[in-house]
Amino acid sequence: MQALEALTRDARALANGEVVTAPEAEVARQMTICNACRYCEGFCAVFPAMTRRLEFGKADVHFLANLCHNCGACLHACQYAPPHEFAINVPQAMAQVRGQTYADYAWPPALGKLYQRNGLTLSVALAAALALFLVLAVATQGRLWGAVGAGGFYAIFPHNLLVGLFAPVFLFVVFALGMGVRRFWRDVSPATSGAPLSLPASAEATHDVLRLKYLDGGHGDGCHNDDDAYTLSRRRFHHLTFYGFLLCFAATSVATVYHYVFGWVAPYELPSLPKLLGAVGGLSLMVGTAGLWHLNRSRHPQHGDAKQKPMDLGFIALLFLTSASGLALWLGRGSAALPLLLCLHLGAVMALFATLPYGKFAHGVFRTAALLRHAVEKRQPNPIGLGAD
Ligand code: SF4
Ligand code: SF4
């Protein structure tokens, strides 16, 4: 039955003109070997999901690739890893397909190619160019250096201008990522039992996402980075980055409510809620991204897909620049440098927003969707009946 379903899916894929790519075929090959071995069953969600399958069609491969956290555990444990002739390197094979899925599911499809071009140089150059544009615009008015008075930021860039610039881009980011993950969900749902979301499954997936559960290696000692030693650094720096980002977002949301609902106009000072959330979030984001940068640079060369490193570093750099310039702006309030600092901060934020839908940010969205499908699937009877999860 399982084989028949996989064949049906493949036939449908062929009928739709979907060709199985070389990276997808490689994941299917490796999963077939892993399915006979099963040594890594307790490491993460990928292996229990794998044991529910005998064949690996395109949708199965897309689902498993986005379920993988690239923790490296199965590479260091594998007796068939290179130089063995089986050449099993699951994190690398999964990462290659994962990168491909971001581009395949991108909305609009024509912009999927941006994932390949989104790198460190482009990200930093975009932030610098946007900041320079703002600097020149303010300088031509003779207001780049000097006290700004009671109006604060809005004396330099009026509130409505900032809303007019950022709101459409933010809405586009949400819409583009939403459309992309919707297509992914539609594709992988039939391959993952087709059952709808339930409350227990949603609660479990939310718990796993918020705790970054699978970066603990399945035993609590952590995953791998430079070598075969366990480390919790990746989990901790991911947590600092993730929650720092959420706190900064919360600070902006609360400030929007203050402005439109209560008529309390920025700037806000401590101990106001927006400032508290922004300060803690900004610091957390800075420390988290600095740590992730270091870990990325020292990562074991066989983990993941080396071609995606520039995209990873570009995203980390923009998050760091945004948080660092935001904190510098706060420290420089009241000084003559405030207009210049504001231009630099807005340039970094604009570049971050512009690259969000076609960069590393996508991994959080797609992985969450894969964890949700996993939580749904594991609650269904095992289709090949060889044991429970
Ligand atoms: S990665 Fe290697 S050790 Fe782990 S299940 Fe696959 S073949 Fe077995
Ligand atoms: S790299 Fe980690 S998360 Fe990915 S399949 Fe291997 S053990 Fe699972």
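How do the residues of the shell around ligand 2 divide into nonpolar, polar and charged? I looked this up before anything else. I found 12 nonpolar, 3 polar and no charged residues in that shell. I counted Ala, Val, Leu, Ile, Met, Phe, Trp, Tyr, Cys and Pro as nonpolar, Asp, Glu, Lys and Arg as charged, and the others, Gly among them, as polar.

Notes on the source. The model is a predicted one, in which local features need pLDDT of at least 70 and side-chain atom pairs count only at pLDDT 80 or more, while totals for chains, interfaces and linings use all residues. Residues are numbered from 1 along each chain as its sequence is written, and chains are lettered from A and ligands numbered from 1 in the order in which they are written.

Entry: ligand 2. I listed 15 residues around ligand 2, of which C44, C68, C71, C74 and P91 come nearest. A residue is near the ligand if its C-beta atom, placed from the backbone, lies within 6 Å of it. I then looked for the helices that take part. Helix 5 (73-77) and helix 6 (90-104) each supply at least two residues of the shell, and helix 6 gives the most, with 3 residues. Helices here are DSSP runs (H or I, at least four residues), numbered from the N terminus, and strands are runs of E of at least two.

Entry: helix 4 against helix 6. I followed helix 6 to another partner. Its axis and that of helix 4 (residues 58-67) come within 8 Å and cross at roughly 105°. Axes are lines fitted to C-alpha atoms, for helices over the stretch in contact, and angles run from 0 to 180 degrees between N-to-C directions. Helix 4 and helix 6 are therefore roughly perpendicular, the word for 65 to 115 degrees; under 35 counts as roughly parallel, over 145 as roughly antiparallel and the rest as oblique. On the helix 4 side I noted V61, H62, L64, A65 and N66, and on the helix 6 side M94, V97, R98 and T101. Contact means C-beta atoms, placed from the backbone, within 7 Å. The contact residues divide into 5 nonpolar, 3 polar and 1 charged.

Entry: backbone in the loops. I checked for cis peptide bonds. The bond from W107 to P108 is cis, with omega near -10°, and P108 lies in the loop between helix 6 and helix 7 (114-117). The bond from L270 to P271 is also cis, with omega near 5°; P271 is in the loop between helix 11 and helix 12 (273-297).

I also looked at positive phi. A87, not a glycine, has phi near 50° and sits in the loop between helix 5 and helix 6. L212 has a positive phi of about 50° and is in the loop between helix 10 (199-211) and helix 11.

Entry: UniProt regions. An unreviewed UniProt entry lists "transmembrane region" for several stretches, including 240-261 and 337-358. Such annotations may be inferred rather than shown by experiment. I found residues 240-261 to be 100% helix, with end C-alpha atoms 31 Å apart. Residues 337-358 are 82% helix, with ends 33 Å apart.

Technical notes: Contact = placed C-beta atoms within 7 Å.
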